[in-house]
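Subject: Structure handover

Hello,

Here is the structure I promised you. Please open it first, then read my notes beside it.

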Amino acid sequence: MDLFDKISEDIKKAMLARDKVRLEALRGAKKEFLEAKTAKGANGELSDETATRILVKMVKQRKESAKIYTENNRPELAEGELAEAAVLEEYLPKQLSGEELEAEIRAIIAETGAAGPRDMGKVMGVATKRLAGRAEGRAVSEAVKNILNTL
């Protein structure tokens, strides 16, 4: 079962359970999936890779909104955003730990033949594709920069 079908099934379960937060988060995800499916050049298909990218973007948006709400002294709105982010994160691949991320990046550096900080673009190109959904972009960037600076 692909991610689109899984979320569609879980929407039904959330409706039966009357879980408003889960239902709202999953409906938002399904809406984004349907828009991606019907976008120009998508030929009505949605790969799990694309769906994962969409979910990562949605989680990031929810967390940024929660941060803004917290800064503006609106904790009740921040809680709702964080709750939706938590629901969406359940559908993402397991996040890499710091050590796992470093090991993956070292392998990518060896693979690409990067020799120093000037090769960051080459490493980031491969790393962002390979680690999509498993590590936050900012964490990947920082790890690549740290490792390349020690070479």
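First, the ground rules. This is a predicted model, with residues numbered from 1 along each chain as its sequence is written. Local features need pLDDT of at least 70, side-chain atom pairs count only at pLDDT 80 or more, totals for chains, interfaces and linings use all residues, and side-chain values use heavy atoms, with hydrogens and water left out.

**The cores**

Two terms come first. Buried means under 20% relative accessible area, exposed means over 50%, and partly exposed lies in between (1.4 Å probe, protein chains only). A nonpolar core is a set of buried Ala, Val, Leu, Ile, Met, Phe, Trp, Tyr and Cys residues joined through side-chain atoms within 4.5 Å. In soluble globular proteins, nonpolar side chains tend to be buried together.

The largest nonpolar core here has 21 residues. Ile-7, Phe-33, Leu-55 and Leu-88 have the most contacts inside it. At least two residues of this core come from each of helix H1 (3–17), helix H2 (20–37), H3 and helix H4 (75–89). Helices are DSSP runs (H or I, at least four residues), numbered from the N terminus.

What does Ile-7 touch? Setting aside residues up to four places away in sequence, Ile-7 touches Leu-26, Ala-29, Lys-30, Phe-33, Leu-55 and Tyr-91. Contact means heavy atoms within 4.5 Å.

There is also a second, separate core of 17 residues. Met-120, Ala-143, Val-144 and Ile-147 are among them.

**The aromatic pair**

Rings of Phe, Tyr and Trp (its six-membered ring) pair if their centres lie within 6.5 Å. Planes under 30 degrees apart count as stacked, over 60 as edge-to-face, and the rest as tilted. By this rule the count is one aromatic pair. The ring centres of Phe-4 and Phe-33 are 6.3 Å apart and the planes are at 45°, so the pair is tilted. Phe-4 lies in helix H1 and Phe-33 in helix H2, so the pair ties together parts 29 residues apart in sequence. Phe-4 and Phe-33 are both buried.

Arg-62 sits in helix H3. Its relative accessibility is 14%, so Arg-62 counts as buried. Leaving aside neighbours within four places in sequence, Arg-62 is in contact with Glu-81, Glu-84, Ala-85 and Leu-88.

Glu-81 is in helix H4. Glu-81 is buried too, at a relative accessible area of 18%. With the neighbours within four places again left aside, Glu-81 is in contact with Arg-62, Ser-65, Ala-66 and Tyr-69.

**Two loop residues**

Most residues other than glycine have a negative phi. Arg-18 is not a glycine, yet has a positive phi of about 55°. Arg-18 is in the loop between H1 and H2. Asn-73 is not a glycine either, and has a positive phi of about 60°. Asn-73 lies in the loop between H3 and H4. Arg-18 is exposed at 74% relative accessibility, and Asn-73 is exposed at 64%.

**The largest pocket**

H3 gives the most to the lining of the largest pocket, with nine residues.

Best wishes
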